Every structure is written in C-alpha cells, then in structure tokens.
Amino acid sequence: MDRKEFLSQVGIGVAALLAPACIGGLSGCKKNTTATKVDFTINTSTGTLAKNGGFLVSNSVIVARTNAGAFIAVAAACTHQGTTVNYNSTNDVFVCPNHNAIFSENGSVMQGPATINLTKYNTTLTGTSLRVFS
Ligand code: FES
C-alpha cells in the first residue's frame, strides 16, 4: 500500500466515523425532543416542588412551580445540543446553562442559539399529586 492508498482509506474511515455522530445528536446537531410518550406522577407535598419557584427533572422532563404557584412541565433537554435546562423562577423561564438559550414557560424559544421550542407537557394537580403527561 502506498501513501496515496493509505490516506484514501484513512479518509473514508474518518468520514464513516463522523457521519453517525450527527445522527446521534452530538455537537452541532439539533435534538428531537418530541419522541416519547410521557405520563408520570410526582408528590408535590415535599421536595423542591413544595414551594413556589422550585423545580426538578424527572423522566427527561423539567417540572417547575412558578412564583404564582402553577405547575409547568417541558422537555428537559435543550433543543440546541441537549444540555439539561434549569428553571429561573425570577423570570419564570427555562435557561440552558450551556449556551444560555432561554425558553418561556410554555417552552417557546425566547433567545437562541436554540431555534426549536421545548416540548410542553400537560399537568394536572389532584391534592398533592401532580400528573405530568403528553
Ligand atoms: S445546549 Fe446550547 S443553548 Fe442549550
């Protein structure tokens, strides 16, 4: 094998390795967060959801209790590169700590670099039991 043949084969090998990276959603690729069905229940009488402004992540969903006491839920993975977002109770928004994308209470993009909204989920409170579902 001469140098030209070697470089040719290495080039194909590198390309084959890089192609699946984007399919898998690594750096630079947008995440599809609309995939799976969501349906779970959380006890809101204890933990971070017991107080207004608290939040937690469960089942790939971020559930927050707004300053007004409403429960809201959106997909936790930022649509830019998949970092788990946080809830900022001061402004009632979801903020990605990676590149500072901001999403509204209903998951709409307010500031990039994300361009795709977070999937919003339904919430129903029965006593202290909060059902989160799609
Ligand atoms: S991962 Fe880049 S803004 Fe969230």
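Two residues are taken to be in contact when they have heavy atoms within 4.5 Å of each other. The structure described here is a predicted model, in which local features need pLDDT of at least 70 and side-chain atom pairs count only at pLDDT 80 or more, whereas totals for chains, interfaces and linings use all residues. Residues are numbered from 1 along each chain as its sequence is written, and side-chain values use heavy atoms, with hydrogens and water left out.

By the contact criterion, and not counting residues up to four places away in sequence, Ile-62 touches Phe-55, Leu-56, Val-57, Ile-72, Ala-73, Val-74, Ala-75, Ala-76, Val-85, Asn-86, Tyr-87 and Phe-94. Ile-62 is also listed, with Cys-78, Val-85, Phe-94 and Phe-103, among the residues with the most contacts inside the largest nonpolar core, which has 14 residues. Such a core is a set of buried Ala, Val, Leu, Ile, Met, Phe, Trp, Tyr and Cys residues joined through side-chain atoms within 4.5 Å, where buried means under 20% relative accessible area, exposed over 50% and partly exposed in between, with a 1.4 Å probe and protein chains only. The elements that give two or more residues to this core are E3 and E4. Apart from it lies another core, of 12 residues, among them Val-63, Phe-71, Ala-75 and Tyr-121.

Strands (E, at least two residues) and helices (H or I, at least four) are DSSP runs numbered from the N terminus, and two strands are said to pair if DSSP finds at least two bridges between them. Six strands form an open sheet in the order E1-E10-E9-E4-E3-E2, with antiparallel pairing. The edge strands, E1 and E2, each pair on one side only.

Within this sheet, E2 and strand E3 (residues 61-65) are joined in the antiparallel sense over four bridges, and Ser-58 stands opposite Val-61 in E3. Strand E4 (residues 71-75) runs antiparallel to strand E9 (residues 120-126), to which two bridges join it, with Val-74 opposite Lys-120 in E9. Five bridges in turn join E9 to the antiparallel strand E10 (residues 129-133), and Thr-123 stands opposite Val-132 in E10. E9 and E10 form a hairpin with two residues between them, and Gly-127 in the turn has a positive phi of about 65 degrees.

Thr-44 is found in the loop between strand E1 (39-43) and strand E2 (55-58). Thr-44 counts as buried because its relative accessibility is 6%. Leaving aside neighbours within four places in sequence, Thr-44 is in contact with Leu-49, Ala-50, Arg-65, Phe-71, Leu-125, Thr-128 and Leu-130.
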